[in-house]
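Subject: Structure handover

Hello,

Please find the structure below, with notes on what was found in it.

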Amino acid sequence: MFSNTTYISARDLGIDRRAVTIEELMGTGHFGNVYKGSFVDDRGLFMSVAVKVCKDDCEPEVTKNFLEEAFIMHKFHHPHIIKLIGMCTEIPVWIVMELAPYGELREYLKRERISLDLSVLILFAHQLSSAVCYLHARKFVHRDIAARNVLVVTPRCVKLSDFGLSRCVDEDSFYTASRGKLPIKWMAPESINFRRFSAASDVWMFGVCIWEILMFGVKPWNEIKNHDVILYLESSQRLHRPPNCPQVLFKLLVDMWAFEPSFRVDMKHVKHVLNHLLNQIDQRIPFEQLSMPDTESNPDTDSNGTMSDDYNLKRHVPVLRCDASAVPTSTLWRALEQQRIQCEEDDRWLEEEEEKMLPNSASPMASPTPFFDESPTDLDKPKLPFGYDFDRSDDVLHAAVFRVVQSVSFITKTFTHGMAHDRFVRMGVDITEALGRLLIECDHCLKELTPGDQRQVQLVQVLLESDHKRLTEALKIVEDGKSEPDLYETNRKTVLKIAHVLAVNCKHFQDSVDAARIRSNVAHLKKKVHHV
């Protein structure tokens, strides 16, 4: 199903699924969902993460693409690119990434537009330009640069994400997409007409992304149908100038939208111009008086006159030695952000130095230390003897798990916005009651396990107890909040999200119990029936 290279890379990036806890659904897609979760690394350090989960019923090709996306992300280490933590390669595949607490940039811009001035918007654009420059320097094109694929880590730090369409290209070459859906309204003319993607087409898309930022999350060509976009572009029409956009910045966008790829400015130039605009804002030059940098004076160059992709990372990190109230807002935020980046680099260096002091066998790439007190090869997935399966005929615990999952599935499939209040509450209560019976059966199950295996199961049981408490509280809010129509549907969706997480945790719980039963020699097995 996978090439050897992909398999080896995925295995090397693998982390123990038991070290990852899924907590809350953040977003859904055609091939997978994204959850907020937590991860405990080999040293016992806890961190909040985002978990991208490939759907169980996906085609092998989709699963392969998930693995390839993780492998691509692993290559990148940049302060404005979402960091890969690792992946769980068993089906369903999980990609574990750093969490961006403020969510997608588009929604953030809509939500916070009152508090965001032009200096912050240009700061976001500059941060992303450094990320795209970094990709291009490593011969990668992103192919899907848009505000929806940018995540907000702090109110003054954004990061590029979603590398599912990214591809490696050779020098001065392009990548031709053979099939699949593409984001037409963000794409360059050659990408629409011939499905050709290059660094130049990324420049076009990034120009559209800057336009989205300046428009506080408005989608491009909102009133135009996909198949008509190319007609507008070929007739020299472009997206209009945003109301708050200085003329100098709009000129940059127009240069990024040259019809011929060879006539477009490159990303290094874009980054340099944005940096120059920020410097002028720091000097308190009014927005309407901002100007382009002199072509002869370019601080972002090496001895050959080529701009360095790591210019911002190599700059002297500013230290504020004055009254912060007297400093322009953009200067203050940039100083704090550069100090944060420097701290992250220092932490990475310290981790690398610590790893050098450890014996080779302790390397997380060579032999990952498990989250639990088990051998690294003993995963939460139960390992059955060859030719055998679980005998579920008298398995009361499995029946209890099934009832919970069945109840969650029923409310998920039947829920509509017009569903009667009493019916929704009744279905929610059915889930809590089924979960309550499961927790009782769990207590009975623990008695037949060894002490060590009891502890393993109890770790997952805690999640179910937490889900039971959260679901009960959410249902109570729905019952009490019927008189508040604005919040009513939101509260009902919260119940659905918790129920979804509960179903996932039930599966993990059953796997944990099955594995514990096998280790404790109390599993009821039967020979598989082979049909002729």
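A contact here means heavy atoms within 4.5 Å. Among contacts in the protein between residues at least 6 apart in sequence, 69% join residues at least 24 apart.

This is a predicted model, in which local features need pLDDT of at least 70 and side-chain atom pairs count only at pLDDT 80 or more, while totals for chains, interfaces and linings use all residues. Residues are numbered from 1 along each chain as its sequence is written, and side-chain values use heavy atoms, with hydrogens and water left out.

The average pLDDT (the predictor's confidence in each residue, from 0 to 100) is 78, and 73% of the residues score at least 70. The pLDDT is below 50 over residues 168–178, a stretch with 24 contacts beyond near neighbours in sequence. It is also below 50 over residues 349–380, with 37 such contacts. Where pLDDT is low, the predicted coordinates should not be read in detail.

There are 15 helices and 13 strands, taken as DSSP runs (helices H or I, at least four residues; strands E, at least two) and numbered from the N terminus. Of the 532 residues, 47% are buried, meaning under 20% relative accessible area with a 1.4 Å probe, protein chains only.

Residues in the contact include Phe124 and Leu128 of α4 and Phe206 and Ile210 of α6.

Regards

Notes: Buried < 20%, exposed > 50% of the residue type's maximum accessible area, 1.4 Å probe, protein only.
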